[in-house]
Amino acid sequence: MTSQLVALCFDAHDPLRLARFWAGVLGWETADDPHDGITLLPGDDTGFRIRCLPSEEKKTGQNRMHFDLTSTSLEDQRRTVARSLDLGARHIDIGQRPEEGHVVLADPEGNEFCVIEPGNGFLADCGFVGALACDGSQEVGYFWSEALGWPLVWDQDQETAIRSPHGGPKITWGGPPVAPKTGRNRLHFDLAPPAHGDQQAEVDRLVALGATRLDVGRREAGQVVMADPDGNEFCVLTPR
């Protein structure tokens, strides 16, 4: 029995501001979070929520995960960039080349994301949230395919990608070299077994797949904090 991907969580100094930003960019609705953050509900086929959680930790280095947002035309790309800037984003340089068609931005908390040019074949059948693009190994792509029960849709030259059988964005890993980890990730996944599942059994299954259990404090009672084979933190919640 595999877990479901419940949410992508952002650590934020100002969760309300960050939630309003992403709600405005994505067109998602906000909802009361059962704990101490703010939740955004997808208005499309994305299939998971976004949670903005309070954190005092500073961002160190480039995130290992970012959104790739798709465009239907150059004008559509310009509109997305302009809307993002109006909501508080800024242009950043992470080494992209002038001939590359995507636009690299950072949200109000400095989290990187890309607005992809139209005609991108890899994301052609994806929605507005085309991908969660990750810095990671081939091994971690295989791990998450097994962890979520999502098939591999790309596996070449140590680059991997998975996608839910129900559609939505792809999750991609770029292969080596993988940048060294510089502290706790500001973005992490929340997983949960289905309503009739068992949290401890799921933790044991994930350990067998290559995850490790971490002895760290988290915000919610009942969470189990773990790390994938590349050391990226994630949480296993109670069944739902």
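Predicted model: local features only at pLDDT ≥ 70, side-chain atom pairs only at ≥ 80, totals over all residues.

**Labels and the values behind them**

Student: What makes Gln 158 partly exposed?

Tutor: Gln 158 has a relative accessible area of 41%.

Student: Where is Gln 158 found, and what is its phi?

Tutor: Gln 158 is found in the loop between β10 and β11. Its phi is near 70 degrees, a positive value in a residue other than glycine. Most residues other than glycine have a negative phi.

Student: Asp 157 lies in the loop between β10 (152–156) and β11. Is Asp 157 buried or exposed?

Tutor: Asp 157 has 72% relative accessibility. Exposed means over 50%, so Asp 157 counts as exposed. Asp 157 has a positive phi of about 50 degrees, although it is not a glycine.

Student: What joins Pro 176 and Pro 177?

Tutor: A cis peptide bond, with omega at about -5 degrees. Most peptide bonds are trans. Pro 177 lies in the loop between β12 and β13.

Student: Why do Asp 11 and Arg 184 count as a salt bridge?

Tutor: The closest N and O atoms of Asp 11 and Arg 184 are 3.0 Å apart. A salt bridge asks for a side-chain nitrogen of Lys or Arg within 4 Å of a carboxyl oxygen of Asp or Glu, so this pair qualifies. Asp 11 lies in strand β1 and Arg 184 in the loop between β12 and β13, so the pair ties together parts that are 173 residues apart in sequence.

Student: How do you know which of these two partners is buried?

Tutor: Asp 11 has a relative accessible area of 2%. Buried means under 20%, so Asp 11 is buried. Arg 184, at 28%, is partly exposed.

Student: What makes Glu 75 and Arg 79 a salt bridge?

Tutor: Their side chains meet at 3.9 Å, N to O. The cut-off is within 4 Å, so Glu 75 and Arg 79 form a salt bridge. They are four residues apart in helix α2 (residues 74–87), separated by about one helical turn. Glu 75 is partly exposed at 39% relative accessible area, and Arg 79 is partly exposed at 44%.

Student: How far apart are Gly 61 and Thr 182 in sequence and in space?

Tutor: Gly 61 and Thr 182 are 121 residues apart in sequence and 6.7 Å apart in space, C-alpha to C-alpha. Leaving aside neighbours within four places in sequence, Gly 61 is in contact with Glu 112 and Thr 182. Gly 61 sits in the loop between β4 (49–54) and β5.

Student: Which residues have the most contacts inside the largest nonpolar core?

Tutor: Trp 22, Phe 67, Trp 144, Phe 189 and Phe 234, in a core of 48 residues. Helix α1 (residues 15–26) gives the largest share of this core, seven residues. Beyond four places in sequence, Phe 67 touches residues including Leu 8, Trp 22, Ile 50 and Val 129.

Student: What lines the largest pocket, by class?

Tutor: Its lining has 18 nonpolar, 17 polar and twelve charged residues. About 1,100 Å³ of space lies in the largest pocket. Of its 47 lining residues, the closest to the centre are Arg 64, His 66, Ala 133, Cys 134 and Asp 135.

Student: Which strand gives the most to the lining of the second largest pocket?

Tutor: Strand β1 (residues 4–12), with three residues. The second largest pocket has a volume of about 310 Å³.

Note on methods:
Residues numbered from 1 in each chain as written. Heavy atoms only, no water. Core = buried A, V, L, I, M, F, W, Y, C linked by side-chain atoms within 4.5 Å. Buried < 20%, exposed > 50% of the residue type's maximum accessible area, 1.4 Å probe, protein only. Helix = DSSP H or I, 4+ residues; strand = E, 2+ residues; numbered from the N terminus. Contact = heavy atoms within 4.5 Å. 1 Å grid on protein atoms, 1.4 Å probe; cavity = no way out; pocket = protein on both sides within 12 Å on 5 of 7 lines; lining within 4 Å. Points joined across faces, edges and corners; volume = space filled by probe spheres on them. Nonpolar A, V, L, I, M, F, W, Y, C, P; charged D, E, K, R; others polar.
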